Amino acid sequence: METLKEFGTRLRALRKERKQVQRQMAELLHITEVHYRRIEAGKVNISALTLCTLADYFDVTTDYLLGRSPASVTAPEGVLHL
């Protein structure tokens with residue numbers, strides 16, 4: 001479950017960078033604020049669609065959110081990472 005903790009930590013940091021509160025993020029994802037807090041705490045898993053929504057919203061890769069990549073930036077259009 002280390003991935004969930006890392007995900008929650010990175011999600012929290014990105015949210016704070018954008019000066020968003022948990023309520024706003026819950027509204028974006030159409031979930032309750034309590035459920036969103038549990039996501040940031042690393043206590044619940046999310047769907048692939050929610051993961052993609054968050055990556056798009058913060059303009060980062062899904063691998064970054066999951067702790068699989070240290071870089072948070074997305075690749076320029078047309079660039080393929082191997």
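1. Start with how helix 1 and helix 4 pass each other: the crossing is left-handed. This is a predicted model, so read the geometry below with that in mind. The axes of helix 1 (residues 2-17) and helix 4 (residues 48-58) cross at roughly 35 degrees and come within 11 Å.

2. Who touches whom there? On the helix 1 side you'll find Phe7, Leu11, Leu14 and Arg15, and they meet Leu51, Leu54 and Phe58 of helix 4. Sorted by class, that contact has 6 nonpolar residues, 1 charged and no polar.

3. Now helix 1 itself. From first C-alpha to last, its 16 residues reach 23 Å, close to the 22 Å expected at 1.5 Å a residue.

4. Which residues of helix 1 are buried? They are Leu4, Phe7, Gly8, Arg10, Leu11, Leu14 and Arg15. An α-helix has 3.6 residues a turn, so residues three or four places apart point the same way. The buried residues of helix 1 pack against helix 2, helix 3, helix 4 and helix 5 (62-65).

5. Helix 2 (residues 22-29) and helix 3 (residues 33-40) are another pair to look at: their axes lie 8 Å apart, at an angle of about 105 degrees. Angles of 65 to 115 degrees count as roughly perpendicular, and helix 2 and helix 3 are therefore roughly perpendicular to each other.

6. In that pair, helix 2 brings Gln22, Arg23, Met25, Ala26 and Leu29 up against Glu33, Tyr36, Arg37 and Glu40 of helix 3. By class, the contact has 4 nonpolar, 4 charged and 1 polar residues.

Technical notes: Residues numbered from 1 in each chain as written. Predicted model: local features only at pLDDT ≥ 70, side-chain atom pairs only at ≥ 80, totals over all residues. Heavy atoms only, no water. Axes fitted to C-alpha atoms, helices over the stretch in contact; angles between N-to-C directions. Helix = DSSP H or I, 4+ residues; strand = E, 2+ residues; numbered from the N terminus. Parallel < 35°, antiparallel > 145°, perpendicular 65-115°, else oblique. Contact = heavy atoms within 4.5 Å. Nonpolar A, V, L, I, M, F, W, Y, C, P; charged D, E, K, R; others polar. Left-handed = near helix turned anticlockwise from the far one by under 90°. Expected span 1.5 Å × (residues − 1). Buried < 20%, exposed > 50% of the residue type's maximum accessible area, 1.4 Å probe, protein only.
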